[in-house]
Amino acid sequence: MVFGACYYPEHWDRSEWAHHAKLMREAGFNTIRTGDFVWGLVEKEEGIFDFSYLDEAIGVLAQEGIKVVLCTPTAAPPKWLVNKYDVLQRDRYGRKENWGTRRECCANSEEYRIRSVKIAEEMAKHFAHNENVIAWQIDNEFGCHNSTHCYCENCRKAFSKWLEKKYGTIDSLNRTWGTVFWSLQYSSFADVILPVYNACEPENAHGWSHNPSLDMEYRRFASDSWVHFQKLQMNAIRKYTDKPVTHNFMGHFSDIDYYNLAEELDFVAWDNYPDNQWGESEYEYVSMAHEIMRGLKDRNYIVAEQQSGPCGWDTFGATPEPGQLRLWTHQAIAHGGEGILYFRFKTLPYGMEQYWYGVLDHDGLPRRRYYEIQKTGEELKKLEPYITGVKNNYDVLIVRSYDNIWAHQIKRHTKDFDYESLLYSYYKANVDLNIDTAVSMGKYTDYKVVYMPGYNIVHPEEMNKIEEFVKNGGTLVTTFRSGTRDAYNNLLTTTLPCAFASLAGIEVEEFTALRKGVHIEGIVNSEVKMWCDVIRPVTAKVLSIYSEGYFKNKAAITVNVYGKGRVYYIGCDLEEEALKRLVRHIGERCGIESMDTPEGVEIVRRDGCVIIMNHNDHKIQTGINGTSLISGQNFDGTLEAYGVEWIVAE
């Protein structure tokens, strides 16, 4: 398996390379990732390419048995490019995103695309037969720094063509979007605007005052623009080599449809930073990010950047405590990782990321973090038969849709509603009960329970798959604000919950965004703080009712038998413990085994083994015994702070 670090030889004097490579080998590294920010070094003048420093560095690394994942450097354009061509993005206020950091170029700038393809092609041609280059990465973190959305003239023209291809006639677009409202009709596709800042919104808004169909289609277009930009480079590389190609994704990031971005890649890679200057993530949030990445292709992945020290830009994040780097690595592997590259090997003394620490500090001396990673690599070698090509056993699926993320961002229902937080609450409830839970779309038949919280836009072909899943014995769980919109972000005119009404066996008589909390009682008791659907059962059975308010005694949670399966409808938000009780109830009726463990203990099951992780900063008794696959000794259930154990499955 791939085990190593991100390493940038251009940052260091050539006299240091051999020493760095030796330290990598001694740490157990076999791979580095490099090249993603070297455009100005390898093409100092347009059309004049010099890869000699990379040739030399790759050769030095190879002497210590280190292979290379080589990146195209198009995330950081050289100054000559922006001096010569109009390639820079414009924001919603018409301001130019000036050169001086990274990711400032527009995916629809023809000049940027031509030169990006050229540098990718020249690199592929040059390194095609270098046996030490084992894979390619396109660019770096598409969309970071809010760079997915550009509002320049290039984008406006490209958007017009994108719409014309989709709608055919401007009359079709006007009719579909309902532009008759506010006299927003267009006379041609060239007339269509971008959702820029306008008269109806304050400066801190995010486009909500535009026609919802316009805003929705623009987000799809912007996502497609980066998918196309990636494809151009991918095609250029594949003309010269059949080595695998990837991109480094960003977990929960949602401005680009990652299913589309991942589709033609050979494998997914992603960048995992559980604790940086912007905050610490709950372990469940990190595990969900891993599952989002695995679910893009329903296939194992690698971590292209794994945090290895304190990190931040202008202030420091916390330094990982003893055991945390090992824990984060094992957590990544437990959720489908087949390779780990730590970011970065040695900390840089200059530039924006002076505070983004790596395996080694600025002085380059191996210390605690280096030795912890070294030990972790030794463990992973022992465990490789349980890692490479092995999948987890999932009973539950959380369906995550980028169309729904965008639709809910555009029309939020209530100020406290957040679709991604709703998804996370259902994921967290399952994982806290140690139910192995996938995050993806589409293959519903692989699971016993499918959760579709807040699933507002349901395309007809997907609805057919959902119905078949339930008819054949599956269990579906959906919630308020589901099934109410068409693919163009318009509200449906059938009775709520519209697309899900027949499946759920209910009608929603009315609803309210709450000003004050109310309570429900029944199969679960909970305070409801945000939203209430007032439900009239048609064929469904009532599980919980509202115990106060003008809708007292009306249904809040229901279950409906549909074919051989069941559909649960949750008409309100729930407190965390109440949601866990509901998830346990649903799982028990589907033959899903949940497991109570101390808080902060995560269990992952796969064929042949069980992985146990202690995310607490203190020793814990997990209550699980077995034979350790790491030590070969009996495991008595005790884990030290941030401890990890792999045991033989009984």
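This is a predicted model: local features need pLDDT of at least 70, side-chain atom pairs count only at pLDDT 80 or more; totals for chains, interfaces and linings use all residues.
Start with the open sheet. Nine strands build it, in the order β5-β4-β3-β2-β1-β11-β10-β7-β6, and their pairing is parallel. At the edges stand β5 (245–246) and β6 (248–249). Each has a single partner strand, so one side of each lacks a neighbour in the sheet. Strands of a sheet pair through backbone hydrogen bonds.

Now look inside this sheet. Strands β10 (residues 301–307) and β11 (residues 337–343) pair in the parallel sense over four bridges. Find V303; its bridge partner in β11 is I340. Helix α3 (residues 52–62) lies across β2, β3 and β4. The helix runs at about 150° to β3.

Next, move along the chain to β19 (residues 531–537). Five of its seven residues are buried, so this strand is mostly covered. Strand β16 (residues 506–513) runs antiparallel to β19, and seven bridges join the two.

Turn to charge. Side chains of opposite charge can pair when their charged atoms come close. The structure holds 46 salt bridges. One of them joins E16 and K346, at 3.1 Å from N to O. E16 lies in helix α1 and K346 in the loop between β11 and α12, so the pair ties together parts 330 residues apart in sequence. E16 is partly exposed, at 26% relative accessibility. K346 is buried, at 8%.

R220 and D403 also meet in a salt bridge, at 3.0 Å. R220 sits in helix α8 and D403 in helix α13, so this pair ties together parts 183 residues apart. Both residues are buried. Finally, a network of salt bridges links E291, R294, D298, K391 and K443.

Terms used:
Residues are numbered from 1 along each chain as its sequence is written. Side-chain values use heavy atoms; hydrogens and water are left out. Two strands pair if DSSP finds at least two bridges between them. Contact means heavy atoms within 4.5 Å. Axes are lines fitted to C-alpha atoms, for helices over the stretch in contact, and angles run from 0 to 180 degrees between N-to-C directions. Buried means under 20% relative accessible area, exposed over 50%, partly exposed in between (1.4 Å probe, protein chains only). A salt bridge is a side-chain nitrogen of Lys or Arg within 4 Å of a carboxyl oxygen of Asp or Glu.
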